[in-house]
Structure formats: C-alpha cells, structure tokens
Amino acid sequence: MSRPLQARVNLDAIRHNYQFARSLGDGRTVAIIKANAYGHGLAVVGEALAGADALGVATIEEALVLRRTGVQGRLLVLEGVFDRAALREAISQRLDIVIHSPYQLDMLAQEPEGGHLALWLKIDTGMGRLGFSWPEAAAIYRRLRAVAPQAEITLMTHLACADEPQRECNEVQLQRFDSALAGEALAASIANSAALLALPGARRDWNRAGIMLWGVNPRLDGIRHPELRSSMEFESRLIAERQIGAGESVGYGCDYHFPGPGRFGIVACGYGDGYPRHAPSGTPVMVGGRKTQLVGRVSMDMLAVDLTHLPEAKIGAPVTLWGSALPVADVAAHAGTIAYELLTGLTERVPRIYEND
Ligand SMILES: *Cc1c(COP(=O)(O)O)cnc(C)c1O
C-alpha cells in the first residue's frame, strides 16, 4: 500500500466559490491562484477556472505555466515584471501586468508601441507594500499615459486590514483611492476576498478573490459565510497505535506526558508534508470522523493523536488534518498562523487528487 497521505481537491467546490465571489457586487472577478493555487496545483486549478473573467498570479513564471497549459484568457501578474525581457514576454503572451514602480515606467518608455498592453497601475493608499503613493497618483498616471498611449489601464490598490472590516484604516484607504484620480473614468480594483465579503464600498469594476476560492472565510469579525465550500480534504490514516502509561511521553523532546493511562495513534503526516511543526498538543485532528487532538511534537513524516477516548479507531482509520469538517483556519489558529500559510505550505510530497462533485 502506498503512503495514505493525500490532498483531495474538489474542483467543483472551487468553481462554486468563484461563482459566489462573482455574485458579490457588480464587478468582474480575478481568481487569484498564485503560489501553486494556494497549494492546490496551479495548472489543474487554472484549467478548472478557465471560464473566469481573469486569473491572477504573483509572478511571470506562474503566468507562463498557465499559458503553456492552454489558459487563453486574461492573466494578471501581481508583482509585474522586473526587466525588459520579462516585459517583452508579457506583451507577447498577452499578460496583464501591474505597474508599481518608476523603473517599470522607464522600461515601458523604451518599448516600441504596439502589441497588447493591459496595465494595472498600483497605488499604495496605506498598505505599505507595492505601489506609487497616492498623492503622486495623478502625475504617475499622466506619465503612464504618455509612455503607453494605447494601453488599457486599470487603477488598483490593496487594503491592509480588510479582514477587520470595522477598522478605520479601511475607510482611510478607500478615501485616498477615490481622491487619487478623481475625475478620470478609469476601471478600478480594490477588494481581496475579505474586502469583497465584508466591505461593500470596496467592490469595484474588478475584484480579486484568492483565499475564499478555497472555502476559507478570511473575516476576523465572526460573521460566517455558509456559501463557502471547503476545497481540500487533507487526509491520511493511522499507521500505528500504542498503549501508553500515565506520565509517559510522546514524541521528540519528551514534553507531552499522558495524564493517565491511554492510547495514541501515529498518523502518516508531518512537517515535511506541510503540516505546521508549531501546532501544539491540543490542535484538533479528526480520526474516523470524530474530533480528537494532536499530542506531542510534530515530526517530519508523522504526528501523534490521542485515541484514549476513541476505542474504535484502529490502524488504517481515516484521519483528516483539515477539510470540510475541520476548517484549515482552525488548525492554523492553533498553530499561531493563518490558513494561507498552511495551504501554500503543502509540499510536493503530498499527492493532489482531483475530484468533482
Ligand atoms: C494575494 C492577493 C490577493 C488575494 O487575496 P486574498 O486575501 O487571498 O483574497 C488580492 N490582491 C493582491 C494584490 C494580492 O497580492
């Protein structure tokens, strides 16, 4: 028998979540599938979402993977291009590119006019990452128009706190964005998943949905979205079971001691597969459809779960590390991180199995 660990990816769930994202607001929706489609597999997910208004990735390398697999539609590169060779590649492959820095304007100025150019001018309204600062947006826009008179231009920004919709910085960023180029009739794009769900004022011509495509609700304000469907079952099986006496320890470091006599199981899954090594004892794990918990430190290839109260769980019992019955965000919270990091951290060793409903 091969190692039982796998990530079952439901492509219909991803398409469903995309359609849900698209139903919010009147705009079009870029399906953001950077970082190997948040661990789900770039090429397969890109194909599954071929009907999307556009796909978005971080890097030109990711975009070229998608073009090679036959994705023909609009394809946005969020970090843009870093040199002229990449710019020419982007033009010849009809990529949409983000322009966030002066050196990219200079490269455009050197490029002979002609060919496809779809540019997303990025304004930093408070995120403090990529983009021209908002007070200079109008001047930069004029320069961009001058160096690329034929280009289709979309104005974009990114919110720093959209997962906390009550925070005032969201309003501040929206106001800065709206004042930056007031008077220009430009297509606009602000919202990531959290903003799309929680900040109606951020929904514009183009929205950019990433984490919600995988059924993860990014909001930290407690409001749920039952429409979202989990896209991945990260599952394995018990490969060993052991009785243990009171006070005896499990795993590296001898720092988890069973409080009384008990039983634990070993699961074929570890940090070498992308399970977070920092997940502490107590992190939820499902065994045979019932919730139990991680005990002891996570090893590279294995982890231990408490079976003391699950007498029916034997070798071969199915284990869910995260999935529809155990949100990846819950596991992440226990491990002191976010669902994004767990999903993108799934390693190559984990076979992805693709399914539909
Ligand atoms: C990754 C990213 C997104 C998608 O964010 P989610 O929180 O995953 O929806 C949108 N816009 C930009 C600029 C990004 O980098």
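## Thr292 and Val295 in strand 14

Thr292 is buried, at a relative accessible area of 12%; buried denotes under 20% relative accessible area, exposed over 50% and partly exposed the range in between, with a 1.4 Å probe and protein chains only. Thr292 belongs to strand 14, which spans residues 290-295. Helices (H or I, at least four residues) and strands (E, at least two) are DSSP runs numbered from the N terminus. With residues up to four places away in sequence set aside, Thr292 touches Thr283, Pro284, Val285, Val287, Val305, Asp306 and Leu310, where contact means heavy atoms within 4.5 Å.

Val295 is also found in strand 14 and is buried, with a relative accessible area of 0%. Apart from neighbours within four places in sequence, its contacts are Val250, Tyr256, Phe258, Ser281, Ala304, Val305 and Asp306. The C-alpha atom of Val295 lies 60 Å from that of Gln110, a residue 185 positions away along the chain.

## Basis of the model

The model is predicted: local features need pLDDT of at least 70 and side-chain atom pairs count only at pLDDT 80 or more, whereas totals for chains, interfaces and linings use all residues. Residues are numbered from 1 along each chain as its sequence is written, and side-chain values use heavy atoms, with hydrogens and water left out.

## The chain as a whole

The protein chain contains 11 helices and 17 strands. Its C-alpha atoms fill a box of roughly 75 × 45 × 35 Å along the principal axes. Of its 357 residues, 53% are buried. Among contacts with a separation of 6 or more, 63% join residues 24 or more positions apart.

The chain exposes about 15500 Å², of which carbon and sulfur atoms supply 51%; accessible areas come from the Shrake-Rupley method with a 1.4 Å probe, and for residues only the protein chains shown count as cover.

## The ligand site

The shell around the ligand has 14 residues, of which Lys34, Tyr38, Ser193, Ile211 and Tyr340 come nearest; a residue is near a molecule or strand if one of its heavy atoms lies within 4 Å of it. By class, the shell comprises six nonpolar, four polar and four charged residues. In this scheme Ala, Val, Leu, Ile, Met, Phe, Trp, Tyr, Cys and Pro are nonpolar, Asp, Glu, Lys and Arg are charged, and the others, Gly among them, are polar.

A polar side-chain atom of Ser193 lies 2.5 Å from an oxygen atom of the ligand, and one of Arg208 lies 2.9 Å from a ligand nitrogen atom. A polar backbone atom of Ile211 is 2.7 Å from an oxygen atom of the ligand. Taken alone, the ligand exposes 390 Å², and the protein buries 93% of that area. Helix 2 (34-38) and strand 10 (206-209) are the elements that give two or more residues to the shell.

## Helix 4

In helix 4 (residues 60-68), the residues Ile60, Glu62, Ala63, Leu64, Leu66 and Arg67 are buried. Their cover includes helix 2, helix 3 (42-48), strand 3 (54-57), strand 4 (75-77) and helix 5 (84-92). After helix 4 comes Gly70, with a positive phi near 100°.

## Cysteines

The structure holds zero disulfides, a disulfide being a pair of cysteine sulfur atoms within 2.5 Å. Cys161 is buried at 10% relative accessibility, whereas Cys169 is partly exposed at 24%.

Definitions and conventions
A polar contact is a pair of N or O atoms within 3.5 Å; within protein, one must be able to donate a hydrogen and the other to accept it, and residues adjacent in sequence count only if both atoms are side-chain atoms.
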